[in-house]
Amino acid sequence: MLAISAPGSEAFRDNPFSTQGSHAMANINPSADNVRAMLTESLGRVRQASTEYFDLLEKNLGASPLPIADQAKQFCNYLQRNVVATFDLGDKLIQAKDVQDALKVQSEFFQAQMRALTDQAKDMGESAMKAASGMFQPKS
């Protein structure tokens, strides 16, 4: 059961959710530099987890006996590049000086991603055509 403390009581002051001068609130400094530092640290942790995931995925695809393992590896590489580009976007947005700078960063990211998508679609199409043409060739 939730206990409600009276303002001015010790329990009220120690409540981290109260707006009175509790010691928990004194440790929070919402400056832009602190927010950037926290975001950078969090992004670094997520980036590390992503790297570990893709390493594991690549290892498992390398051991796969499936005939489409090469195409899956290629797709995984594209996916990993896109994820890294997104993390780089996050890094740049964290360091943006103002809204105009952030919009410029996003615009550049969008343009780069559209170029990457075009290149990846072309490569995947070529890979699919090679795989399809190999299916119709007589086996010797």
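Predicted model: local features only at pLDDT ≥ 70, side-chain atom pairs only at ≥ 80, totals over all residues.
Four salt bridges are present in the structure. One of them joins the side chains of Glu41 and Arg45, at 2.2 Å from N to O. These two residues are four residues apart in helix H3, so about one helical turn separates them. Glu41 is partly exposed, with 46% relative accessible area, while Arg45 is exposed at 53%.

Another salt bridge links Asp88 with Arg47, and their closest N and O atoms are 3.2 Å apart. Because Asp88 belongs to helix H4 (residues 69-94) and Arg47 to helix H3, this pair ties together parts that lie 41 residues apart in sequence. Asp88 is partly exposed at 33% relative accessible area, and Arg47 is also partly exposed, at 23%.

In helix H5 (residues 99-135), Lys104 and Glu108 are four residues apart, which means that about one helical turn lies between them. Their side chains form a salt bridge of 4.0 Å, N to O. Glu108 is partly exposed, with 41% relative accessibility. Through salt bridges with shared partners, Arg47, Asp88 and Asp91 are joined into one network.

Helix H3 covers residues 32-62 and includes Leu39. Together with Val35 and Met38, Leu39 forms a nonpolar patch on the surface, with about 260 Å² of accessible area in total. Leu39 itself is partly exposed, at 44%.

Finally, there is one aromatic pair in the structure. Tyr53 is partly exposed at 48% relative accessibility, whereas Phe54 is buried at 3%.

How values were computed. Residues numbered from 1 in each chain as written. Heavy atoms only, no water. Phe/Tyr/Trp six-rings, centres within 6.5 Å; stacked < 30°, edge-to-face > 60°. Buried < 20%, exposed > 50% of the residue type's maximum accessible area, 1.4 Å probe, protein only. Patch = residues over 30% accessible without salt bridge, like charges linked within 9 Å, V, L, I, M, F, W, Y side chains within 5 Å. Areas by Shrake-Rupley, 256 points an atom, 1.4 Å probe, with all protein chains shown as cover.
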